[in-house]
Amino acid sequence: MCRFTPAVGLLPITALATPICEHPWHARRAYVTTQELQPSYDFVIAGGGLAGLVLASRLSEDSNTTVLVIEAGPSGDDVRSRIDTPVIAYFNGLMHSQYDWQHITTPQPNLNNRNISWPAGKVLGGSSAMNGMYMVRPSAVELNTLSKLLGDMDGAAAWGWDSMFGAMKKSESFSPPSAEIQSAGNIVYNAASHGTSGLLHTTYAGFVLPLFGQWEATLGNMGVDVSSDACSGEGWGAFVSTSAINPSNWTRSYSKSAYIDPLPPRTNLHILTNQTVTRMIFDNSAGTLKATAVEYANNGYQQKPWPTVGVNKEVIVAGGPVGSPNILMQSGVGPADKLQAAGVQVAYALPGVGQHAQDHLSTQVVFRTSAQTTAQLYASGAINGTNNPVASFVNSAIAYTNITDLLGDSASAFQQEVIANMSASTNDRSLNPSSDPTVTKGYQAVYQATVDTMLTPAGQVELLLAMTGTSAGPDTFAVQAGLQHPFSTGEVYIATPNPFDYPVINPNYFSHPADVVLLREGIKLARTVGQTEPISQFVTAEVSPGPDVQTDEQWEAWLRTVVSTEFHPSCTCAMLPLDQGGVVDANLKVYGLANVRVADSSVFPLSFAAHLMAPTYGLAEQAAMIIKSQYNGTPSPAALQTQTATATATATSQPTGISSNTNKASLGFKIAASPSLSTMFAVVLTFLIPTILL
């Protein structure tokens, strides 16, 4: 059933009457063709992925603000069944299809010269339309470390834990699991750590298998902490993660379905699909480069000159950790030597663009099992369609193991060894690819910050229970191990002036010996999971790597043949001071450009022990507030945080009776009785911010 309302605002649009349908993703958006574009828009968003659509939704809340999103991929509406059904992501998702950018790295010398695939969503919603739906937040120590890296920079307070906690909650509409699912999965959560009025639906899968429910007890028996509230800033230990799932119909909740599809008609918002942003066009008449237009094309063979659209206020680059540095460099903004080698005229030399690249490297131990797996259910045809709780099953049992879990009493000595290695690492081009002194200074700052968090409880290696089958058959499950804080850093850069030629991606995997040691010890823990009660009761054999791999040398040799990405690249447009090779400041503005920001996971300056979706939703919410504060006079996140901190300082001078949660190892399965002090602060902040997410 549809009704029609007259459309007002930006014209022309496909029809002067806009259908409002009960099926929210049908015929409700202001999709436009190139012939229907306005000459200019207040904000042009380059990339309709996770962050881009959050910003489009938030900025277009002001009916006087015009917004255009330009997305290289299609809407995805023709493959919604592959997007919407959560479990399909593992069996027939969008990865390796036309909806995936299908990036690939250069041959990695430390991985036996293998090229590693870097999937990324090429569709509205970006990778949030094809990923594993994990909603795992960074810990407070990590976000506070990020904020500290920014020093006294204006806006730095927006990126510490308290402010980002509020932003991540703001994005979220959390639904608790049923009592049956909570009991069967041994799920522990604290409702106070979640948002309830955001746009992105989060919950737990509506179906679990017996093996799944043994995760926390097994990790606890190994001596790993079991978390009572992993979303409150203490995101370490074993727990079951929330997922981006809408429990009303058991479908994937992603940036398009959450932030765009449910909107009432907004004729000040236009979305252009199947068009690639090729570059920004600048004017320098005022002495500072100002983006006046954005060029775009649907493929590299389109006859030039390629079309442009004007920019009234800002360009927001939201192309992700590969796309964003690519757009900047094709526009002449980046390391001068890389631009000149690619044949692109230098508009502004910004050495940090594409540098500081980091990624989570991972692999798995595979076990044959007597337990039922999701892969077996899928093969039998028991999983099909939406509105099916069984089809909502996703891998979500994880554990973030700290340095003591991995190295025991050797942890402190290992940290000192890594610190001693910093000087040599700084000048090693396989670790710090840039010879620019500012980028080198930033490498040192991030390296030191990473070392400083090493002896905290923050996770160093993630363990993940995968019950969706392996190449060894549907009667297998895997325990994956992923390195979370790599010391190996790489780069992304263009090699030609053709924006349709893929950039060069070189993560320099395993170039730092610490990464090898940490992941080696992590994968040993993954093996131990299968050897520990109660999960060991379900194991009939270890399939891979098998009993022949025992010594450290054998583990390391095997790792080099099998490790791959955990799909969490970041840091290529790092938010750091300019003299540390930064690309954007704390307000996400690109240095040297008057009106360009980058807002996506590429701006995080260091890798988190987390999956990137939750912090990127928080970042996008913060970015929208920052931009609105400049043009609409509303408070910025940093200003709100300062007000909250002042109020908190006054309040905490009086006794509160609240004790903080130390989150020590516990095998109890119950909802935390009292929130931590940081949780209470963030709750205050949430009430201060108007309710409005990756």
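Trainee: Where does Asp229 lie?

Mentor: This is a predicted model. Asp229 sits in the loop that runs between helix H7 (215–221) and strand E10 (237–240).

Trainee: What is the nearest side chain of opposite charge to Asp229, and how far away is it?

Mentor: A salt bridge needs a side-chain nitrogen of Lys or Arg within 4 Å of a carboxyl oxygen of Asp or Glu. For Asp229, the nearest side chain of opposite charge is Arg137, 6.6 Å away. Asp229 is buried, yet has no salt bridge.

Trainee: Which residues is Asp229 in contact with, leaving aside neighbours within four places in sequence?

Mentor: Asn190, Ser193 and Glu234. With Ser193 there is a polar contact of 2.7 Å, side chain to side chain.

Trainee: Now helix packing. At what angle do H4 and H5 pack?

Mentor: Residues three or four places apart in an α-helix point the same way, because a turn has 3.6 residues. Here, H4 (residues 140–149) and H5 (residues 161–170) pack at about 115°, their axes 8 Å apart. H4 brings Ala140, Leu143 and Asn144; H5 brings Trp161, Met164 and Met168. By class, that contact has five nonpolar residues, one polar and no charged.

Trainee: How many residues of helix H1 are buried?

Mentor: Buried means under 20% relative accessible area. In H1 (residues 50–59), 10 of 10 residues are buried. Arg58 is among them.

Trainee: Is Tyr502 buried or partly exposed?

Mentor: Partly exposed, because its relative accessible area is 39%. Tyr502 touches Trp101, Gln102 and His103, not counting residues up to four places away in sequence. A polar atom of the Tyr502 side chain lies 2.6 Å from the backbone oxygen of Trp101.

Notes. Residues are numbered from 1 along each chain as its sequence is written. This is a predicted model: local features need pLDDT of at least 70, side-chain atom pairs count only at pLDDT 80 or more; totals for chains, interfaces and linings use all residues. Side-chain values use heavy atoms; hydrogens and water are left out. Axes are lines fitted to C-alpha atoms, for helices over the stretch in contact, and angles run from 0 to 180 degrees between N-to-C directions. Helices (H or I, at least four residues) and strands (E, at least two) are DSSP runs, numbered from the N terminus. Contact means heavy atoms within 4.5 Å. Ala, Val, Leu, Ile, Met, Phe, Trp, Tyr, Cys and Pro count as nonpolar, Asp, Glu, Lys and Arg as charged, and the others, Gly among them, as polar. Buried means under 20% relative accessible area, exposed over 50%, partly exposed in between (1.4 Å probe, protein chains only). Lys and Arg count as positive and Asp and Glu as negative; His and the chain ends are not counted. A polar contact is a pair of N or O atoms within 3.5 Å; within protein, one must be able to donate a hydrogen and the other to accept it, and residues adjacent in sequence count only if both atoms are side-chain atoms.
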